[in-house]
Amino acid sequence: MKQASKELFILNEPIIVLFRRDLRVFDNPALHSAANTGRPLICAYIWETEQNREMGAASKWWLYYSLQSLKSDLNKIDLNLTVRKGLTSQALDILIKQTGASSIYWNRRYEIENIETDTEIKSDLTKRGLSVKSFNANLLSEPWSIKTKTGNYYKVFTPYWREAKKHINTEPLPKPNSALSYHEILESLDLDSLNLLPKNSNWGNKIKPYWTVGSEGALNALSNFANGPIKNYEENRNRPDIDNGTSKLSPHLAFGEISPRQIWHFFKNDLQMADKYLTEIGWREFSYVLLYNNPKLADDNFKKKFNNFRWQKNNVLLDAWKTGNTGYPFVDAGMRQLWKTGWQHNRVRMVTASFLIKHLLIDWREGEKWFYNTLVDADPASNASGWQWVAGSGADASPYFRIFNPFSQGEKFDPDGEYIKKFIPELKNLPKKYIHRPWDAPTEILQKANVKLGSNYPKPVVEHKFARKRALQAYAALKSE
Ligand SMILES: Cc1cc2nc3c(=O)[nH]c(=O)nc-3n(C[C@H](O)[C@H](O)[C@H](O)COP(=O)(O)OP(=O)(O)OC[C@H]3O[C@@H](n4cnc5c(N)ncnc54)[C@H](O)[C@@H]3O)c2cc1C
């Protein structure tokens, strides 16, 4: 073929843009770069049937609405979303055959199994003469790019973040102004056929009012937060009773409806004011460094000495924790918030996780699994590293002997008990003096508030002082082994 006609031919060959956890049109390097070629685009989402770890129920719920929203955002720039399911390699092959696409663009993923899948597909397609391009969309710095002076990855957050900040490219990409869609409407699965919504639709309907899923919801949440609450973030971020104390952007980030670059850019003229907030984005980045370098972060203790920890198996106590029936109001409010809204406040995550691990001596992996299934922001890196941080088994973790007190944490961070009242209405008439420790309230006060301990609200499943001592002994036994 002559050079000119070969180029013309390639100009008309479609590009497949594969969406995964980057469900947005703004600052999407794969989409942006593909649109810039001027070639026809096929935007595709493949519901992977070979998932190494099945997506949790709350994440599937989010994904359903997020794909709906992406579809509508793509339609606004004259593109379609083609939804398929199966093994990624096979579903891609079918799409390539049907369309004659000669290039595939995607944004990179960082879980080992996904890296392996993507590497295999890339190598196979390249051998067959197709071109594959991949990009960084979801992190400020990719997990292999920030190294210590000796060439290792950072295991401690503060020096990591000091270094990482120097390399941030702050410019997000615009959404494509115009894009050329593939000329035919391709067969696409109905989202309902993916069975993403929970069988018990009640549960999905219950969490829906708390969220506006999709990029527009994400950008609104960012702008509302940046136009006020950010100024008090340092004081309010630990207060679960203050509704806008934190940004609640985590599920939007987890599905890539917004990018950390967009967030950084939003504050670029006031980095100092937003420093504390952006440092939290830094923790997300650091979690990816840990996951990339320790692919089994959700299964294996980072600190190996924790392999000998003597966890207790107790399904009754595990269930009491999951359902918010431990008898400790701050812990129970957190677990009920998780069930009711699909999200839990960060301060409360630390306390509920600590309670499971240290007061009940239940393996942190049980808690990690429950959070993974029920959080709308379930993230393979942040969830596993958050659990290991609390357990003391992680890199740069909170020391094991730091045992959060489940009622004084509440007294400190929910001083009027408003958070408790919201999620445990049974306790709403208790005076604030007793709301975090109803077991101390005199009988007439309990009666007046219509609280019947052991009946309409549980007695503590374990006594705090006893549990604390037992946890410290378990740790001491570990040290002496
Ligand atoms: C046991 C445990 C489990 C956790 N599981 C998850 C999880 O599955 N997914 C998840 O996104 N976060 C997780 N976190 C981190 C944190 O609790 C949430 O990111 C935060 O509560 C989300 O609320 P926000 O968006 O309002 O946070 P903001 O305070 O507004 O922070 C902004 C963003 O920074 C990031 N961020 C904040 N704190 C952390 C942190 N400690 N570690 C990593 N990233 C952080 C999040 O992306 C968050 O959206 C976990 C923490 C713990 C202790």
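1. In this predicted model, 20 residues of domain 1 are in contact with 22 residues of domain 2. Contact here means that the C-beta atoms of two residues, placed from the backbone, lie within 7 Å. On the side of domain 1 that touches domain 2, the elements giving two or more residues are α2 (29-36) and α3. Of these, α3 gives the most, with seven residues. By type, this side of domain 1 divides into nine nonpolar, five polar and six charged residues. Ala, Val, Leu, Ile, Met, Phe, Trp, Tyr, Cys and Pro count as nonpolar, Asp, Glu, Lys and Arg as charged, and the others, Gly among them, as polar.

2. A word on conventions. Residues are numbered from 1 along each chain as its sequence is written. As the model is predicted, local features need pLDDT of at least 70 and side-chain atom pairs count only at pLDDT 80 or more, while totals for chains, interfaces and linings use all residues. Helices (H or I, at least four residues) and strands (E, at least two) are DSSP runs, numbered from the N terminus.

3. The protein is divided into domain 1 (3-137), domain 2 (138-174 + 200-293) and domain 3 (304-480); the bounds come from an automatic or database domain assignment. The centres of domain 1 and domain 2, taken over C-alpha atoms, are separated by 25 Å.

4. The largest nonpolar core has 117 residues, and I16, V17, L41, C43 and A44 have the most contacts inside it. Helix α3 (residues 57-76) gives the most to this core, with nine residues. Such a core is a set of buried Ala, Val, Leu, Ile, Met, Phe, Trp, Tyr and Cys residues joined through C-beta atoms within 7 Å. A residue is buried if 20 or more other C-beta atoms, placed from the backbone, lie within 10 Å of its own, exposed if 12 or fewer, and partly exposed in between.

5. Strand β1 (residues 15-19) has five of its five residues buried. I15, V17 and F19 point one way from β1, and I16 and L18 point the other way. Apart from neighbours within four places in sequence, I16 is in contact with I42, A44, L95, A101 and I104.

6. β1 pairs with strand β2 (residues 41-48) in the parallel sense over five bridges; two strands pair if DSSP finds at least two bridges between them. I15 stands opposite L41 in β2. Strand β4 (residues 103-107) also runs parallel to β1, joined by four bridges, and W106 of β4 is the bridge partner of L18.

7. The ligand is surrounded by 27 residues, the closest being T246, S247, N346, N383 and G386. Near means a C-beta atom, placed from the backbone, within 6 Å of the molecule. Domain 2 and domain 3 each give at least three residues to this shell. Helices α10 (250-254), α12 (275-293), α15 (346-359) and α17 (380-391) each supply at least two. The shell divides into 12 nonpolar, eight polar and seven charged residues.

8. Two residues other than glycine have positive phi values. For D27, in the loop between β1 and α2, phi is about 45°. D27 counts as buried because it has 23 C-beta neighbours inside 10 Å. For L361, in the loop between α15 and α16 (364-374), phi is near 55°. L361 has 19 C-beta neighbours inside 10 Å and therefore counts as partly exposed.

9. K469 lies in helix α22 (residues 464-480). K469 is exposed because 12 other C-beta atoms lie within 10 Å. The C-alpha atoms of K469 and K358 are separated by 9.7 Å, although the two residues are 111 residues apart along the chain.
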